[in-house]
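Subject: Structure for you to look at

Dear colleague,

I am passing on the structure below, and after it I describe what was found. Please keep it open beside this message as you read.

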Amino acid sequence: MPLLADYAITPDVFDVTSYSNDEVCTARLETIREAMLTEGLVRDLRDGQWRSLFGSGNRAWHRRGMELVKKLATQGRLIQHRPVLPDSPRDNQSWCAEALETHASRPFSGGVIVTETVKAVYANEPLVSRIDRLSSAPWWAARSSSVQLSRTLADYQKHLDPVLRCSNSIMFIDPHLDPMKKGYGQFGALLALSGGREPVPTIEIHRVYYEGSGPDRKSPMDDDKSYFERRFRDELASPLRTAGLRAEVFVWDDFHDRFLISNLIGISLPNGFDTGGRYQDTRWTRLGRDDRDDIQREFDPSSNRRKLHGRFNIP
């Protein structure tokens with residue numbers, strides 16, 4: 001299961017009258033709150049009609065539920081999905097039907113979270129699970145803070161697709177990232193997953209100013225200030241332009257660890273973004289929010305925590 005998964009939630013989950021009392025509703029919402037705000041995306045069905053439901057006062061929406069919807073929107077975790085059924089949903093069951101129909105065009109990496117009443121209608125549908133029995137749903141139990149994958153473009157695309165497709169800001173942090181080197185030759189194709197949408201996401205690429213290590217370490221920028229700028233432009237300008245994207249590259253004095261940082265998630269990638277190499281498998285780990293935010297600040301030029309040797313835009 002990807003480190004960032006997507007879900008649909010039927011409106012009754014947020015309705016106090018769906019539960020025996022207010023306290024039970026509070027407890028059920030707490031079971032999904034942290035997961036949704038750290039590792040989840042929620043489908044805003046029918047181009048935002050789902051979210052608009054909570055602006056009306058014709059149902060007993062729980063205060064904690066409204067707080068969760070607001071935070072999901074603020075964090076960019078509500079992802080609009082076009083209508084798929086001919087008619088707008090009229091009740092909780094038809095919202096579940098709408099959610100399931102979206103699975104045909106873009107399969108869920110998570111599932112649909114409902115209450116007991118809706119689950120009774122979809123008793124034999126494994127994608128649908130009661131909020132009070134989520135632990136028995138295979139797709140919920142499969143959640144993990146780490147994932148093992150092969151160092152191939154296909155696996156990178158599979159696990160990063162929701163991150164690159166939905167994030168508003170993305171930082172690729174890899175000290176030796178060089179699109180002209182064999183291991184990074186497919187990096188442009190990975191970047192392209194972020195394109196084809198509005199608004200265009202902010203993309204940053206961070207690397208060090210030197211090449212090699214130990215006695216083989218060289219500093220090509222000493223003799224040629226535009227050394228890395230040419231290499232990045234020559235290889236990435238075309239795929240970025242085709243995808244309607246642009247990126248800013250930052251060249252730093254030194255760092256070692258590799259990360260992908262976005263407004264939705266932080267991921268530690270021990271081998272960075274190169275494919276192949278001596279070891280064919282790798283393991284990625286999802287960072288906590290505090291670590292993610294600290295790394296983002298660390299690579300902000302205004303923080304002065306590192307020496308910046310250069311920065312340029314592509315294309």
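In what follows, Ala, Val, Leu, Ile, Met, Phe, Trp, Tyr, Cys and Pro count as nonpolar, Asp, Glu, Lys and Arg as charged, and the others, Gly among them, as polar. This is a predicted model, in which local features need pLDDT of at least 70 and side-chain atom pairs count only at pLDDT 80 or more, while totals for chains, interfaces and linings use all residues. Residues are numbered from 1 along each chain as its sequence is written, and side-chain values use heavy atoms, with hydrogens and water left out.

The second largest cavity has a lining of 5 nonpolar, 1 polar and 3 charged residues, among them Met1, Tyr7, Glu39 and Arg286. A cavity here is a set of points, on a 1 Å grid over the protein atoms alone, where a 1.4 Å probe fits but cannot get out, and lining residues have an atom within 4 Å of a point.

The largest cavity, by contrast, is lined by 8 nonpolar, 1 polar and no charged residues, including His159, Ile267 and Trp284. Helix α7 (residues 153-166) gives the largest share of that lining, 3 residues, where helices are DSSP runs (H or I, at least four residues) numbered from the N terminus.

Leu37 lies in helix α1 (residues 22-39), and Leu37 counts as buried because its relative accessibility is 1%, buried meaning under 20% relative accessible area with a 1.4 Å probe and protein chains only.

With regards

Terms used:
On a 1 Å grid over the protein atoms alone, a cavity is a set of points where a 1.4 Å probe fits but cannot get out, and a pocket is an open set with protein on both sides within 12 Å along at least five of seven lines; lining residues have an atom within 4 Å of a point. Helices (H or I, at least four residues) and strands (E, at least two) are DSSP runs, numbered from the N terminus. Buried means under 20% relative accessible area, exposed over 50%, partly exposed in between (1.4 Å probe, protein chains only).
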